[in-house]
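Here are my notes for you to read alongside the model. Have the structure open and follow the points in order.

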Amino acid sequence: MTMSMVVAAQLMAADVLQNVYGRDVKSLNGWWQIVVDPYDVGMGYGIYKNAQPASKSDHAEFDFSSKEYIDVPADWNTQRQDLFFYEGTVWYKRTFEYNLKRDRLLYLYFGGANYQTDVWVNGQKVGTHEGGFTPFFFDVTSLVHKGENFVVVRVNNRRRPDAVPAMETDWWNFGGLTRDVMLVETPMAHIDDYEIKLEEGSLTKITGKVKLNLPVADVKVEVKIGDLKLNQKLVTDARGEASFTYDKKAPILWTPEIPKLYDVELKCNGEKITDQIGFRHIDVRGSELLLNGKPIFLRGVSVHEEAPYRTGRCISEKDDSTLISWSKFLGANFLRLAHYPHNEKMVRMAERFGIMLWNEIPVYWSLDWTNEKTYACASQQLREVMNRDKNRCGVIIWSIGNETPKSEARDAFLQRLAQQVKANDKERLLSMAMTIDGAGENASTINDNLLPVVDIIGVNEYIGWYGGTADDCNRHQWNIPTKKPIIVTEFGAGAVAGRFGDRTEKWTEEYQAEVFRRQLAMWSRQPGFVGVSPWVLMDFHSPRRMNHDTQNYFNRKGIISERGQTKQAFYVLQDFFKQKGAFKHLMK
């Protein structure tokens, strides 16, 4: 392949850079200089150029000084007390040394930044991204020179009515470069995207496809899975694509009890990409949920990406490991990652520990349903997380929304997202967290126009907290006009860790535990009940929770406090999970 072929094809490059953690990367994590810009005037001052006074008679209205640093990845809210409630612009700057090899490409990769991000390298604009939880990257090959370079990033987390999510959330609006920042070096023509999985309808046959960043033919690609004796030598077609089917040795199927992952190597033009991939099949049959053809119950809990003990956005494998360890001690085999895509390392770690995942985009509560720009942003975030996690066998469900108020405009918006999921992934399941319609004091109806569209029904309800008492669950009836499987994606009650009292007294551990007992008994009587993910694993920050006696800007529905204190409801749920088979494989 010649350089002219590369230049001619560059404008056709895709927006995927699969598995950056398995490539040649240089981390830009660490201390970045910052300028807090509450009036958002830095653009007019040329802050992105890092301009300095030309002489003693000149001046500047800003400076990236050695006095003001912030750590990356991390949110700014919990690093500095004066920025705890801050919503607006912060400018970041980092210098780095680089010596790019000849005939190589260099990408500047961000795992996530909340919410709108503008990026400059050596004073030149390289791009903009909207959305706080999905990865993005820019080709900076022509802008990085040998020696010292600098990157300036403007991050703005101000809420907007046309954004996704919009003006109201029940979690903290953590701003900043909250995930890894890296330089990724590749050959000129490289593997941009790949997918390796079980063939649809088979538990033994593996299929794979690879796609280059450029539509170039006759490029050699090698795919190896040593444990399966799979060694495929492929040649790309005119679209820069190649595919294979392999059925000589059946893989050990991934399950929560035996979460088998295979070491995978992909080679192309001198680049070696490493990955770990598991093989499993998820499906529904009537009102049953099937994993590898066998019925399974999802013993789950919902979780926010908020760090235990120190709080703030999760930024390390230690943060992720603590949340997963708590879940495993609970007996969980399933996590609902609410209400946005969590970081890639969390997804991979959960998979290694045998935890199935619900992956959700932040189509949360009310959006500007008729705004095409809003839809485009939601669609983009869905595409980005599906691209990132397409090889993660732990991800079994794509969710397109949470508690969205019903209307014709909302239905049309979600229908389009559902079509996007189905067009791009026929192997995983589609769902959303639906709300209920009251049909009397002791009965509720799930009546949503998206019921025919989803594969599995997600239900959010709070009997015993936002209405009625825990005892009302004893006689409550559910009308669900379909025989699809049901996951109770949310129920719960607030409790202050260490506050004890009567089981009828709100905010006590006893009250929360009683709600869990009654809820679990109620849903166990419901046909099609295949899983549960109560709200929520850990207490987390929320600007809506302002009661000084009980909340102090925390949502207290966690079954564990932010300080790691387990509440009584934790053990109620753990006992229920034992009845559903948790820990049995450890006793054999």
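1. Start with a pair of residues: Lys211 stands opposite Glu241 in strand 15. Strands here are DSSP runs of E, at least two residues long, numbered from the N terminus.

2. A word on the source: this is a predicted model, where local features need pLDDT of at least 70, side-chain atom pairs count only at pLDDT 80 or more, and totals for chains, interfaces and linings use all residues. Residues are numbered from 1 along each chain as its sequence is written, and side-chain values use heavy atoms, with hydrogens and water left out.

3. Now the strands around that pair. Strand 12 (residues 206–212) pairs with strand 15 in the antiparallel sense over 6 bridges; two strands pair if DSSP finds at least two bridges between them. Both sit in an open sheet of 3 strands, ordered 11-12-15. Strand 11 (191–198) and strand 15 (241–246) are at the edges with a single partner strand each, so one side of each has no neighbour in the sheet.

4. Next, the largest nonpolar core, which has 75 residues. Such a core is a set of buried Ala, Val, Leu, Ile, Met, Phe, Trp, Tyr and Cys residues joined through side-chain atoms within 4.5 Å; buried means under 20% relative accessible area (1.4 Å probe, protein chains only). Val363 and Trp523 are among the residues with the most contacts inside it. Apart from this core lies another, of 30 residues, including Tyr92 and Val181.

5. How many disulfides are there, counting pairs of cysteine sulfur atoms within 2.5 Å? The count comes to 0. Cys314 is buried at 2% relative accessibility, and Cys473 is buried at 1%.

Key: Buried means under 20% relative accessible area, exposed over 50%, partly exposed in between (1.4 Å probe, protein chains only). Helices (H or I, at least four residues) and strands (E, at least two) are DSSP runs, numbered from the N terminus. A disulfide is a pair of cysteine sulfur atoms within 2.5 Å.
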